[in-house]
Amino acid sequence: MSDEKEKQEQKEEQLVIPDTLPLLPVRDIVIFPFMIVPLFVGREKSINAVDMALTKERLVFLSTQKDISNEEPGTNDLYKTGTVGIVMRMLKLPDGRVKVLVQGLTRAVIKQYVHERPSYIVSIEKVKENPVLQPSLEIEAMMRNIRDQLEKLASLGKAISPEIMVIMETVNEPGRLADIVAANLGLKVEDAQIILEIFDPVKRLEKVTEYLVKELQVSTMQAKIQSQAKEEMDKSQREYYLREQMRAIKSELGELEEITEDIDEMRKKVKKAKMPPDVEKEALKQTGRLESMHPDAAESAIIRTYLDWLVELPWSKTTKDTLDIKKAKKVLDEDHYDLEKVKERILEYLAVRKLHQKSKGPILCFVGPPGVGKTSLGRSIAKAMGRKFVRISLGGIKDEAEIRGHRRTYVGALPGRIIQGIKQAGTNNPVFMMDEIDKIGTDFRGDPASALLEVLDPEQNNAFSDHYLNLPFDLSKVMFITTANMLDPIPDALKDRMEVLELAGYTEEEKLEIVKKYIIERQFNENGLSKKLIEITDDAIKKVISQYTKEAGLRNLEREIASVCRKVARKVAEGEKIQTTVTAKTVEEYLGVPKFIPEAEREEDEIGVATGLAWTPVGGEILYIEATTMKGKGNLTLTGHLGEVMKESAHAALSYARSRAKDLGLADDFYKELDIHVHVPAGAIPKDGPSAGITMATALISTLSRTPVSKDIAMTGEITLRGRVLPIGGIKEKALAALRAKIRTIVVPERNKKDIEEIPKDIQKKLKFIFVKHMDDVLRITLKKKVKAVKKPLPLIGKRSIAVAR
């Protein structure tokens with residue numbers, strides 16, 4: 001044991017530490033044994049504690065408060081473990097505070113608070129540490145490691161006094177070494193308190209080693225950063241010196257005159273751009289900065305690029321609208337078949353523009369399946385109005401800067417896609433199409449959909465501010481058109497700013513007309529063919545539509561027509577000059593076996609089989625819903641890859657049947673001895689939605705009452721427990737599906753009567769719609785008299801799209 005340790009113990013023995021001491025709360029610091037530190041005392045209780053200590057043995061208990069901002073710490077605001085210290089000196093200051101010099105003696109723990117006035121008096125328990133008389137090799141190695149690391153820390157610039165380094169060389173006791181290092185590391189209060197509360201010297205040494213390693217890593221990184229910063233500073237000074245030399249050389253060669261000419265040319269461009277006053281003022285200000293700046297400075301290139309963007313934007317360039325409504329209608333009809341609602345809306349806008357020149361541009365949203373002509377329609381609108389057309393795709397963008405641009409402080413900063421599109425158009429009133437607005441993403445870089453709120457708001461976009469320009473640009477003259485496949489993913493706030501126009505899928509008849517008017521001519525030209533070399537009959541086109549494609553749009557249909565044209569083109573290239581006629585019988589020679597086979601028709605009325613209608617993203621579908629019963633215990637089994645909503649519809653249908661058992665001629669407890677199985681064929685295809693409710697109920701009641709269902713009637717509608725029939729969606733697509741299946745009678749909810757107007761008149765004439773309010777009406781229409789024998793339901797053939805009975 002060292003002489004210093006013996007002296008300390010002798011000092012402690014001479015100063016008998018009493019069981020109760022005045023408590024001095026300290027903040028921002030944890031005082032360790034053997035540590036000498038000056039303290040400024042200003043609180044009344046703390047000054048009283050110092051005075052009380054000076055009247056006795058000069059001893060005081062030093063405890064750190066948990067919250068440094070607390071001016072009046074309570075008993076729960078102080079750490080229990082602290083240090084017994086001795087007041088070595090005391091000086092009263094003119095401002096009423098007291099400066100004391102205290103030295104830590106030993107650790108102690110508060111047992112209880114004896115008094116709280118006029119100062120805290122605490123009962124303490126002194127912590128007895130077991131000294132390590134003969135350190136093991138591991139402890140000795142740990143102590144040497146701590147000394148070496150502290151020296152490295154001091155060499156990296158850590159403020160550690162040389163006296164501390166000398167004292168550490170003479171300390172051989174692990175606990176005291178740990179306290180000295182912890183007191184001089186500048187640890188956070190919480191970390192220092194953890195070390196103070198470790199009473200085992202070896203464990204305390206291990207914890208200090210852990211903090212020392214972390215502090216060494218931080219200091220090493222800090223030194224590296226400072227070194228890099230110094231290198232950069234030296235490099236900048238060197239570059240400045242070289243630039244000044246180059247400037248002097250250019251001045252001698254007369255090249256500075258060229259720079260002056262460039263600045264004058266930039267000023268002319270600013271004036272020629274006819275910017276708004278505020279924008280022109282900023283542009284001239286930046287030109288002045290560029291003039292006073294060294295041409296080789298890094299910021300010079302940034303300002304020049306910024307000025308180039310400002311002068312190239314069409315601040316006052318406007319395209320004159322073609323306000324001849326008849327001519328615009330002719331252009332729209334030439335480019336697109338049907339789509340009457342959209343065409344009517346565009347012509348209405350042109351009519352308003354003709355009467356009111358300063359009307360704001362509409363913000364339209366075309367919603368529909370892929371391939372129905374949303375993007376090409378935007379191009380036709382621009383053509384009809386005589387405006388420039390700009391298109392950007394928003395699919396998958398996740399960075400707000402894609403819309404608003406980057407701030408000029410970033411390297412490689414650019415304006416957002418909106419301003420870039422305006423520059424590309426060259427006018428401030430183009431038709432601006434933003435595709436795939438329903439596929440915008442979001443991540444830590446911001447929410448592009450929220451950034452679009454300003455762009456697509458007619459009340460705000462007259463002063464759209466791009467981060468790069470940092471100047472307002474008027475977008476109110478722009479006609480914005482967005483496209484989406486589905487409305488659901490679009491945020492409500494964004495949806496509210498747009499006028500939604502839905503483009504449903506095309507019917508088979510509409511596809512036939514589009515192929516004849518547009519697609520065939522386009523594919524003939526692309527494949528080098530003419531009507532003298534190839535003819536495609538209407539029956540062949542219909543077969544391609546029904547058996548080789550399954551879509552609401554026209555993309556796959558055009559691919560199949562293109563495939564036929566390529567094969568004929570090959571024949572012509574090989575020398576065959578006679579006209580090739582493609583018929584329904586010869587289509588398979590060009591396209592192979594059909595990819596989609598229509599549903600087989602039901603041959604007769606059957607028990608437990610009802611025909612339902614479903615909506616899919618590529619059009620309508622018919623669903624044969626089957627139900628059967630068997631002896632059992634009242635279980636209901638549902639199969640066919642059904643979604644939760646569809647399963648709930650089946651349970652609602654069964655509950656309705658049970659509640660009307662007497663009216664349906666069933667026993668009250670019929671379900672107790674029967675298991676019921678409801679199945680929707682094509683089990684690999686997911687199906688969901690509420691509109692299969694009345695179909696399931698019909699199939700269920702048919703099998704329970706042994707009454708066949710009419711094969712010539714299809715139905716759709718949601719059912720409630722009371723038997724009410726609620727409205728559903730997708731009426732047009734479902735009606736077309738029934739027509740394709742040669743079913744002429746459709747049962748639909750009464751409240752869907754208004755939706756029949758969406759169906760083309762020629763289709764309405766071919767179908768009979770029966771409107772129902774209650775399930776009783778459905779059963780009365782669909783159920784027939786009992787039959788003796790019922791054939792098994794016909795199997796479903798062919799691949800179908802995901803069915804959604806919406």
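Let's start with Lys274, which counts as exposed at 61% relative accessibility. This lysine sits in the loop between helix 8 (256-272) and helix 9 (277-292). Please keep in mind that the model you are looking at is predicted.

Asp28 is another residue to look at here: its phi is positive, at about 75°, although it is not a glycine. You will find Asp28 in the loop between strand 1 (20-26) and strand 2 (36-41). Asp28 is exposed, and its relative accessible area is 55%. Then there is the peptide bond from Arg117 to Pro118, which is cis, with omega near 0°. Pro118 belongs to the loop between strand 5 (98-115) and strand 6 (121-126). As background, most residues other than glycine have a negative phi, and most peptide bonds are trans.

## Helix 9 against helix 10

The loop that holds Lys274 leads on to helix 9, so let's follow the chain there. Helix 9 packs with helix 10 (residues 298-312); their axes come within 10 Å and cross at roughly 150°. An angle over 145 degrees counts as roughly antiparallel, and helix 9 and helix 10 are therefore roughly antiparallel to each other. Their crossing is left-handed.

Which residues in helix 9 meet helix 10? From helix 9 come Glu282, Ala283, Gln286, Thr287, Arg289 and Leu290. On the side of helix 10 they meet Glu299, Ser300, Ile303, Arg304, Tyr306, Leu307 and Leu310. Sorted by class, this contact has six nonpolar, three polar and four charged residues.

## Helix 11 against helix 12

Helix 11 (residues 325-335) and helix 12 (residues 340-355) also pack together, at an angle of about 155° and with their axes 10 Å apart. Helix 11 and helix 12 are therefore roughly antiparallel to each other. Here the crossing is right-handed, whereas that of helix 9 and helix 10 is left-handed.

Helix 11 brings Ile325, Ala328, Lys329, Leu332 and Asp333 to the contact. Helix 12 answers with Lys343, Ile346, Leu347, Leu350 and Ala351. These residues divide into seven nonpolar, no polar and three charged.

## Aromatic pairs

How many aromatic pairs does a search of the whole structure find? The search gives four. One of them joins Tyr113 and Tyr120, whose ring centres are 5.6 Å apart; their planes are at 70°, so the pair is edge-to-face. Tyr113 and Tyr120 are both buried.

Phe432 and Phe480 form another of these pairs, with ring centres 5.5 Å apart and planes at 40°, so this pair is tilted. Phe432 is in strand 9 (residues 431-435) and Phe480 in strand 12 (residues 479-484), so the pair ties together parts that are 48 residues apart in sequence. Phe432 and Phe480 are both buried.

Ile195, in helix 6 (residues 189-196), is buried, with a relative accessible area of 0%. Not counting residues up to four places away in sequence, Ile195 touches Phe32, Arg107, Ala182, Leu187, Arg204, Lys207, Val208 and Tyr211. Ile195 and Ala178 are 17 residues apart along the chain, and 8.5 Å separates their C-alpha atoms.

Leaving out residues up to four places away in sequence, Gln523 touches Glu558, Ile561, Ala562 and Cys565.

Finally, take a look at Thr695 in helix 23 (residues 693-705). At 1% relative accessibility, Thr695 counts as buried, in contrast to Lys274, which counts as exposed. Leaving aside neighbours within four places in sequence, Thr695 is in contact with Ala610, Thr611, Gly612, Ile625 and Met715. From Thr695 to Ala650, C-alpha to C-alpha, the distance in space is 9.3 Å, and the two are 45 residues apart in sequence.

Conventions:
Residues numbered from 1 in each chain as written. Predicted model: local features only at pLDDT ≥ 70, side-chain atom pairs only at ≥ 80, totals over all residues. Heavy atoms only, no water. Axes fitted to C-alpha atoms, helices over the stretch in contact; angles between N-to-C directions. Helix = DSSP H or I, 4+ residues; strand = E, 2+ residues; numbered from the N terminus. Parallel < 35°, antiparallel > 145°, perpendicular 65-115°, else oblique. Left-handed = near helix turned anticlockwise from the far one by under 90°. Contact = heavy atoms within 4.5 Å. Nonpolar A, V, L, I, M, F, W, Y, C, P; charged D, E, K, R; others polar. Buried < 20%, exposed > 50% of the residue type's maximum accessible area, 1.4 Å probe, protein only. Phe/Tyr/Trp six-rings, centres within 6.5 Å; stacked < 30°, edge-to-face > 60°.
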